[in-house]
Amino acid sequence: MAILRIRDLTFGHTRPPLLDGVTLNVERGERVGLLGRNGVGKSTLMRLILGDLAPEDGQVMFETGAKVAYLTQHVPTDLGRSIFERVADGLGEHAGAVGTYHRLHERSLTSTLTDDEQDVMAHAADLLSEHNLWDGLHRVERTIEEMDLDADAPFDALSAGMKRRALLARAIVDKPDLLLLDEPTNHLDIDSIIWLQDYLQRFTGTLMFVTHDRAFLQALSTRIVEIERGRLLDMTCDYETFVRRREELLEAEDKQQALFDKRLAEEERWIRQGIKARRKRNQGRVRSLVKMREQRRARRQKVGTAKLTAQEAERSGALVARADNVSFSYDDKPVIREFSVEVYRGDKIGLIGPNGVGKTTMLRVLLGQLEPQSGDVSLGTKMSVAYFDQLREQLDGSKSVRDVVAYDAESVEVNGKSRHVLSYLQDFLFTPERAQLRVDLLSGGERNRLMLARMFTRPANVLVLDEPTNDLDTDTLELLEELLVEFPGTVFLVSHDRTFLNNVVTSTLAFEGDGVIKEYVGGYDDWLRQRSSPSEAPAASASDGAKQITKQNADAAAAPRTAAATETAATTRKISYNERRELESLPDRIESLETQRKELYARMSDPAFYQGEPKKIAQTTSELERIDAELAAAFTRWEFLDALRQ
């Protein structure tokens, strides 16, 4: 049964609109990953669902009595408020009475309340009884205990990860049927991301979430919905399957559009020749041409792809940095303890550990910006370092985008060539109009792209990137990965994105507590395999998440392999008469399945397909999955029977 129904929803104060007549049904128990480029309307869609924004056209409908909760990507500051009070906010209008009663009741256990305080507590108890909130009070207490939070601790004193946890507790305390999460992993360390991932996998309600973390998305989602050119691309599958199918659909769409454009060009030539040759023309063909022109004007082009290019400085020396028994402490708290390492040109070094453990301090010591309290640090020669700051402190919010990159000039020099700043910024998806905006008006993803644009104007042979992946869309993330892998210099990368670490780094410096830092070969998953105490490892690695696919797909894919393995074990006999006949029929069967598969892809490549009924979209997607599974089984069976015939 659909808990959320969106019908012909249109929103956007520009033309074409941000969301253009989109339709979506979300069933109970689904976990929907919402994808799309920065600025395409993901957060807008969530606000439309919540009712914070009113659509220009269309409807948002919920199942009768359904409760909806929302976890924003922005963490509020609440000076003077406790975690209990923040979580109790999720109970609604009379949450203040719940918080007041709890605070005074806890104080009464250790000290005597004044007469005024007793009156306030009694009034709060009356409100709890009047509005049937005693059960709500107990739910707040149970939720805080389950989240492993300190009820009386001030919310504002928490780390970013613990604030997220408290806000999640607030969102779920009233038992929502539909939980909306907007970038829930932003600024969380890896342990907090894995905790959140595991918790949400046990959540029994319905989820819709926006995230750039591919491992988190792969492990959690049962359905992917991508916003692209005002439409929704909707597939019930895991993320890796979605990426593969999307590429196939886009390729088919490109071919279809190329054929359409070729036909349009032919019709344009005909109409011009017709005007010269005769006064009367085929009016039906003229009307068809007018319609084709309208279709071409209405076509929304795919959003461009960022073009990331790093400027290479003169090669550094072979040795970039050497640390020998280095130690460093803050207020007698060890950050680095007797650490030694050698970094050479071309190394890609990942740093992982909890927030606040000292990763930035470690980088400053290793690059000679901070003197170690003991031990020695030696730096190589000809080093040119470029920095990406996770707090974006290098960006002046009062300046325009173009001025931040070009330092008030009209051009920038990139790899020895002068380029106009507006042309350069278009490589990072800033239109000339957005290049004139003040920095403080940009979204988080745009600020990160601006930081990259600024950093890559400077020749460098050492790149230091502190959390570069926050707020970046998946396409830009993959381009940045490719650039860093191919960069001939040295990279220091602080990141909590497990997939990003796996794809980029060649070795990992892991902060393992009490100032102990150990070096491991490879990325995040390699660190999990190599660490000395496997029992300490988080519950899920990035590759573990990447391998979790829907049960339906897994069973369909595994069935032919299991059958083949069983039959292969018994391939000591000759092929039977019936098996020979089956073998002869299999090529026709495979050809028939491939034809059906091609027809389905052609149907799904039609831009109008995803504007149709959600039930038909789901049926077509399921049919494609069935055919894929049957094809795999047919090929496996053919190989087995062909081997018997030999």
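## The chain as a whole

The protein chain exposes about 31500 Å² of surface, and carbon and sulfur atoms supply 48% of that area. Keep in mind as you look around that this is a predicted model. Of the 646 residues in the protein chain, 49% count as buried.

Let's turn to how the chain is built. The protein chain has 21 helices and 20 strands. Take the contacts between residues at least 6 apart in sequence: 69% of them join residues at least 24 apart.

## A sheet of six strands

Now find the open sheet of six strands, whose order is S14-S17-S18-S12-S19-S20. Its pairing is mixed. At the edges are strand S14 (385-388) and strand S20 (517-521), each of which pairs on one side only. On average, neighbouring strands of this sheet are turned by 15° against each other, direction ignored.

As background, strands of a sheet pair through backbone hydrogen bonds, and the pairing is either parallel or antiparallel. In which sense do S14 and strand S17 pair? S14 and S17 (residues 462-466) pair in the parallel sense, over four bridges. Helix H14 (residues 444-455) lies across S14 and S17, and the helix runs at about 170° to S14.

## A hairpin with an enclosed strand

Next, look at strand S8 (residues 223-228), which pairs with S9 in the antiparallel sense over five bridges. S8 and S9 form a hairpin with two residues between them. In the turn, Arg 229 has a positive phi of about 55°.

Why is strand S9 described as largely enclosed by the rest of the structure? Four of the five residues of S9 (residues 231-235) are buried, so the strand is largely enclosed.

Finally, visit the loop between strand S12 (348-352) and helix H11 (359-366), where Asn 355 is found. Asn 355 counts as partly exposed because its relative accessibility is 33%, and partly exposed covers the range between buried, under 20%, and exposed, over 50%.

Which residues does Asn 355 contact, leaving aside its neighbours within four places in sequence? Asn 355 is in contact with His 187, Leu 188, Asp 189 and His 496. Asn 355 and Asp 189 are 166 residues apart in sequence, yet 5.7 Å apart in space, C-alpha to C-alpha.

Methods
Residues are numbered from 1 along each chain as its sequence is written. This is a predicted model: local features need pLDDT of at least 70, side-chain atom pairs count only at pLDDT 80 or more; totals for chains, interfaces and linings use all residues. Side-chain values use heavy atoms; hydrogens and water are left out. Buried means under 20% relative accessible area, exposed over 50%, partly exposed in between (1.4 Å probe, protein chains only). Contact means heavy atoms within 4.5 Å. Accessible areas come from the Shrake-Rupley method with a 1.4 Å probe; for residues, only the protein chains shown count as cover. Two strands pair if DSSP finds at least two bridges between them. Axes are lines fitted to C-alpha atoms, for helices over the stretch in contact, and angles run from 0 to 180 degrees between N-to-C directions.
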